[in-house]
Amino acid sequence: MAARGVGLLSRLPMCAQRSQVLRPIHRLLSCPGTVAADARREQLSSGSTETGSEDRTPKKRFSEVQKERREQAQRTILILCPNKISEKKFLKYLSQHGPINNHFFFESFGLYAVVEFCQKESVASLQNLTRTPSMSTEAAIPFRSRFFNLKLKSSSDQTSGQSCIPCCNQSPPSSKKLFELLCDAESIDDQLNTLLKEFQLTEENTKLRYLTCSLIEDIAAAYFPDCAVRPFGSSVNSFGKLGCDLDMFLDLDEIGNFSAHKTSGNFLMEFQVKNVPSERIATQKILSVIGECLDNFGPGCVGVQKILNARCPLVRFSHQASGFQCDLTTNNRIALKSSELLYIYGALDSRVRAMVFSIRCWARAHSLTSSIPGAWITNFSLTMMVIFFLQRRSPPILPTLDYLKTLADAEDKCIIEGHNCTFICDLNRIKPSKNTETLELLLKEFFEFFGNFAFNKNSINIRQGREQNKPEPSPLHIQNPFETSLNISKNVSQSQLQKFVDLARESAWILHQEDKDHPSPSSNQPWGLAALLLPSITKSMSHDKKKRKKPPSERIKNLLESIKGSPENSTNTNGKRTVSTQA
């Protein structure tokens, strides 16, 4: 899903001011080998990894991370707190129910605390001593959840002069702040890593996303006791940024699925169930009921919409406490498998996420993507394009999906709704790339590659890592990695694709001009990635080009071809030849 209201450069002028958010507090007891420890290590190393050198620490499987996060969320609670509260007294009060593993505070519609106990039993202990609020004019619907409201018994309990508790940041930096950080960077590589560090999901934000899913699961479990609500998409695939939507699906596959060895004798017992004509109707009925529950009984769930006639039926709502816009589907296992594939690609090489975040930010700055459905290129399509480009390098930075399939063993075999979704799940069995190209070179080459890509006849296919003839006349064709008959970019119009191509050519030209002019990073002029994110750059260039005879796209294409054809530009700074981008 596209992010809503994240304040990118395309929406706010550089001089725009935003209220400063408080810096996050780190109160995570990150024991070695825990999810928190792994996330901390990734955040500390982000932006400082030398090109071509990868962390040799054994990497966890996607399923292992999901399991640990889910267990972590089940022993976590969410509390609405008074604006001024003694943190020491607060923790002492909660510790009566058991030891606390970690906690943090954040602001949304009030001050909230996320508290993780060491044992799940501590949550039940707290619930047993919690009362349903009494209302003078309204009636409360009694619901036993892990979302609490903490009140002070008397005004004297609120210590005068109590300092405000520092809160974790849940939003990306303002456009002005991002621009300053990029201009202060030492190199274009440093710029891309800085952008990644500022926009990626924090450990606290990730914990809050899993907790929100767990709270929704508590509601769904009233009807389906063995169900699971799992996050998918940008929240778990390592490419999510602060402010992105929370996609989740209601997993009912485990209900009533018991292995054969648990049954004995001559009889087989089955649940008595209702039957409906199709799987789609069953999905619609289930989501309709869950939507009603969220709307009537779900604490903090507002603006519930049941969009049941969509290709993929869903319930859309806002979780007011966390601030997340949520989409709930059911049994969307292919989407979760796609999330796992992206997680693997993002973990294989440190340059992948830096490239994806930067290209997405560039696209949003120039209104190539939008939070409103339409003819725009989606973030998922952009991610596929980056992966495809990195597969085309020499040597490749990322393996093809078909190659990952050849590495899979029997445990990895996965067929979903007739689609072969098999690929290796153990990251440690995939050999790292020997490619040592810099992010600066890759960024420049990305724009050249797609600025001259033959979109009119070729399709993008990450399964094989090479162009294919387009099977349909859509302007942009990117094959769905699993549902191979589908085009994930079928919505993109010819005008939007042409806008992408023109901007890619212009961005490549700007970077080549910088190579020629050698601007100083210490100067006050925008440079590198910062220059590419300025909408005014495109507008000013378009104004100047009105005086020229050639169309802008053709002029820049000719410039790029002349640059690539010159002897001094036939090799990169590492002596490696660049990839051909002939149309």
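Figure 1. The model shown is predicted.

**Figure 2. Four strands form an open sheet.** Their order is β2-β3-β1-β4, and the pairing is mixed. Strands of a sheet pair through backbone hydrogen bonds, either parallel or antiparallel. Which strands stand at the edges? They are β2 (100-108) and β4 (147-149). Each has a single partner strand, so one side of each is left without a neighbour in the sheet. On average, neighbouring strands of this sheet are turned by 25° against each other, direction ignored.

**Figure 3. Strands β1 and β3 pair in the antiparallel sense.** Strand β1 spans residues 76-81, and strand β3 spans residues 110-117. Six bridges join the pair. Look for I77: its bridge partner in β3 is V115.

**Figure 4. Helices α11 and α13 pack against each other.** Two packed helices are described by the angle between their axes and the distance between the axes. Here, α11 (residues 379-391) and α13 (residues 439-451) pack at an angle of about 105°. Their axes are 11 Å apart. That angle makes α11 roughly perpendicular to α13.

**Figure 5. Side by side, the residues where α11 meets α13.** From α11 come M385, V386, F388, F389 and L390. From α13 come L442, E445, F446, F449 and F450.

**Figure 6. Residue T206 sits in helix α7.** This helix spans residues 203-220. Is T206 buried or exposed? T206 is buried, because its relative accessible area is 12% and buried means under 20%. Leaving aside neighbours within four places in sequence, T206 is in contact with R69 and L201.

**Figure 7. The whole chain, for orientation, has 17 helices and 13 strands.** Of its 583 residues, 51% count as buried. The accessible surface of the chain comes to about 28,600 Å². Carbon and sulfur atoms account for 51% of that surface. Consider the contacts in the chain between residues at least 6 apart in sequence. Of these, 71% join residues at least 24 apart.

Note on methods:
Residues are numbered from 1 along each chain as its sequence is written. This is a predicted model: local features need pLDDT of at least 70, side-chain atom pairs count only at pLDDT 80 or more; totals for chains, interfaces and linings use all residues. Side-chain values use heavy atoms; hydrogens and water are left out. Helices (H or I, at least four residues) and strands (E, at least two) are DSSP runs, numbered from the N terminus. Buried means under 20% relative accessible area, exposed over 50%, partly exposed in between (1.4 Å probe, protein chains only). Contact means heavy atoms within 4.5 Å. Accessible areas come from the Shrake-Rupley method with a 1.4 Å probe; for residues, only the protein chains shown count as cover. Axes are lines fitted to C-alpha atoms, for helices over the stretch in contact, and angles run from 0 to 180 degrees between N-to-C directions. Angles under 35 degrees count as roughly parallel, over 145 as roughly antiparallel, 65 to 115 as roughly perpendicular and the rest as oblique. Two strands pair if DSSP finds at least two bridges between them.
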